[in-house]
Amino acid sequence: MDFSWLGDPFYQEYLIEGFINTLWLIAVSAIGGLALAVLVAIARLKGPRPLALAVQGFTIVMRGTPLLVQLFFFYYGVGRLLEGIPGIQDSVIWPLLRDPFFYGALTFILSVGAYSGEVLRGALLSVPQGEREAGRAFGLTPLQVFTRLWLPRAIQLCLPTLTGEMILLLKSVPLVSTIALMDLLQAANLIRDETFLVYEPLLLIGGIYLAMTLVLTLVLRQVERHFPGMQPERGRGWLPRRLPHRQREAS
């Protein structure tokens with residue numbers, strides 16, 4: 001095994017740029033995808049029927065087609081169509097529309113929004129009706145009931161599943177190397193082409209992704225531990241907090 005190339009500043013720049021782009025892509029996709037998931041769940045449950053059907057079709061398409069196909073569709077398909085719009089290349093948004101990072105983030109946001117939206121919709125349906133009625137009895141508006149009671153309770157129920165979705169997002173990021181975006185895998189491919197070393201760059205990138213997965217898992221586990229209403233139970237993972245029997249009787 002030859003890792004002497006790690007001391008070359010030229011290859012170090014590849015790795016640093018790829019690592020930074022990977023982190024940015026994960027952060028933007030996770031935040032945007034979870035925000036979209038909330039909108040998807042609301043549209044499916046409370047939206048007008050045409051909107052609910054349209055959103056349902058969106059989730060079926062995004063969940064039923066390979067992520068790589070979606071990535072190629074937006075980058076090579078939509079990107080090529082945008083090039084043909086008169087005046088688009090002279091507009092201020094053209095630098096964004098020609099950037100592969102934009103299409104990678106867009107694809108991951110839509111994918112996370114579709115998958116997590118269905119998870120969140122199921123969690124919202126699992127929240128007992130009595131909890132929402134209690135909020136309305138206390139004088140809360142429908143918006144306050146949703147933001148203070150219904151949505152937090154649903155997130156509490158599906159938080160472990162959303163944690164798994166974030167880990168899957170991390171492991172899906174290397175797909176962007178197929179659209180010439182400099183991520184960690186693309187950096188490894190460039191180093192491999194220039195040094196003619198096959199295994200060493202891939203082993204390094206695999207180790208970095210393994211470390212990132214472990215760190216992300218630990219961070220999300222802490223989020224689960226400190227999320228209101230969650231507490232650890234030995235041998236049963238992270239479950240909704242339950243009051244002791246005597247305390248429930250007293251309440």
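Buried means under 20% relative accessible area, exposed means over 50%, and partly exposed lies in between (1.4 Å probe, protein chains only). This is a predicted model: local features need pLDDT of at least 70, side-chain atom pairs count only at pLDDT 80 or more, and totals for chains, interfaces and linings use all residues. Residues are numbered from 1 along each chain as its sequence is written, and side-chain values use heavy atoms, with hydrogens and water left out.

**Helix α9**

- Helices (H or I, at least four residues) and strands (E, at least two) are DSSP runs, numbered from the N terminus.
- Helix α9 covers residues 199-226, which is 28 residues.
- The expected span of a helix is 1.5 Å times one less than its number of residues.
- Isoleucine 208 and leucine 185 are 23 residues apart in sequence and 10 Å apart in space, C-alpha to C-alpha.

**Record annotations**

- UniProt positions are given in the numbering used here, with feature names shortened; annotations may be inferred rather than shown by experiment.
- An unreviewed UniProt entry places "domain: ABC transmembrane type-1" at residues 19-220. In the model, that stretch is 82% helix and 0% strand, with end C-alpha atoms 20 Å apart.
- The UniProt annotation "transmembrane region" (unreviewed entry) covers residues 20-41, 53-76 and 202-220.
- Residues 53-76 are 92% helix and 0% strand, and their end C-alpha atoms lie 28 Å apart.
- Residues 202-220 are 100% helix and 0% strand, with 27 Å between the end C-alpha atoms.

**Nonpolar core and surface**

- A nonpolar core is a set of buried Ala, Val, Leu, Ile, Met, Phe, Trp, Tyr and Cys residues joined through side-chain atoms within 4.5 Å.
- The largest one has 30 residues; Leu25, Phe108, Val173 and Val176 have the most contacts inside it.
- Helices α1, α3, α5, α7, α8 and α9 each supply at least two residues of this core. The largest share, six residues, comes from α1.
- Met1, Phe3, Leu6, Val198, Tyr199, Leu202 and Leu203 make a nonpolar surface patch of about 700 Å².
- Patches use residues with over 30% relative accessible area and no salt bridge; like charges are joined within 9 Å, and nonpolar side chains (Val, Leu, Ile, Met, Phe, Trp, Tyr) within 5 Å. Accessible areas come from the Shrake-Rupley method with a 1.4 Å probe; for residues, only the protein chains shown count as cover.
- Phenylalanine 3 sits in the segment before α1 (9-46) and is partly exposed at 34%.

**Salt bridges**

- A salt bridge is a side-chain nitrogen of Lys or Arg within 4 Å of a carboxyl oxygen of Asp or Glu. By this rule the count is five.
- Glutamate 118 pairs with arginine 63, with the closest N and O atoms 3.8 Å apart. The pair links distant parts of the chain, helix α5 and helix α2, 55 residues apart.
- Glutamate 118 is buried at 13%, whereas arginine 63 is partly exposed at 41%.
- A salt-bridge network links Arg44, Arg63, Glu118 and Arg121.
- Glutamate 83 meets arginine 80 at 3.9 Å, N to O. Both are in helix α3, three residues and about one helical turn apart.
- Arginine 153 meets glutamate 131 at 3.3 Å, N to O. Arginine 153 lies in α7 and glutamate 131 in α6, so the pair ties together parts 22 residues apart in sequence.
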